[in-house]
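Please read them with the structure open.

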Amino acid sequence: MLTAVEKYGTSLKDASESLRDDYDLVLAAVKNHGCSLQYASDSLQNNPAIVMAAIENHPACFKFASDSIQNDREFVVSAVGNTPRLFRYLSLDMQDDPEISCLLYTSPSPRDKRQSRMPSS
């Protein structure tokens, strides 16, 4: 099954409940196809490392993370810092948070991870 999800992450949907709760299997699936997160067990949809791997692959898949993760300010700050494109998929409360919205300008550009997007002063 590991070989299958490494090539086709969405094949996780055909896995048994116990395999959907297997950390390594789910991690391989979300790294291949972020939205495979929707097929993961509830506990892995609440796992920060699994969710981070999924949103690094495809930020829109954040909707499949647990409510707890989606509303965890510390996780969201870290995730937006790593994957600024995630911002559009956050709740309005998170988008209104000044520290989180500021990350859009101070985090590295997706094209050039070495430079900030803040204009030079």
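1. The link of Cys35 and Cys61 is left-handed, with -85° about the S-S bond. The two sulfur atoms lie 1.9 Å apart, and a disulfide is called when a pair of cysteine sulfur atoms is within 2.5 Å. The pair joins distant parts of the chain, 26 residues apart: Cys35 is in the loop between α3 (23-32) and α4, while Cys61 is in the loop between α5 (48-57) and α6 (67-70). A search of the whole structure finds 1 disulfide.

2. Cys35 is buried at a relative accessible area of 13%, and Cys61 is buried at 0%, whereas Cys102 counts as partly exposed at 39%. Here buried means under 20% relative accessible area, exposed over 50%, and partly exposed in between (1.4 Å probe, protein chains only).

3. Phe62 and Phe75 are stacked, 6.4 Å centre to centre with 10° between the planes. Phe62 lies in the loop between α5 and α6 and Phe75 in helix α7 (residues 73-82), so the pair ties together parts 13 residues apart in sequence. Rings of Phe, Tyr and Trp (its six-membered ring) pair if their centres lie within 6.5 Å, and planes under 30 degrees apart count as stacked, over 60 as edge-to-face and the rest as tilted. Both Phe62 and Phe75 are buried.

4. This is a predicted model, in which local features need pLDDT of at least 70 and side-chain atom pairs count only at pLDDT 80 or more, while totals for chains, interfaces and linings use all residues. Residues are numbered from 1 along each chain as its sequence is written, and side-chain values use heavy atoms, with hydrogens and water left out.

5. The chain averages a pLDDT (the predictor's confidence in each residue, from 0 to 100) of 86, and 80% of the residues score at least 70. Confidence is lowest in helix α1 (residues 2-7), at a mean of 66, and highest in helix α4 (residues 42-45), at 98. Helices (H or I, at least four residues) and strands (E, at least two) are DSSP runs, numbered from the N terminus.
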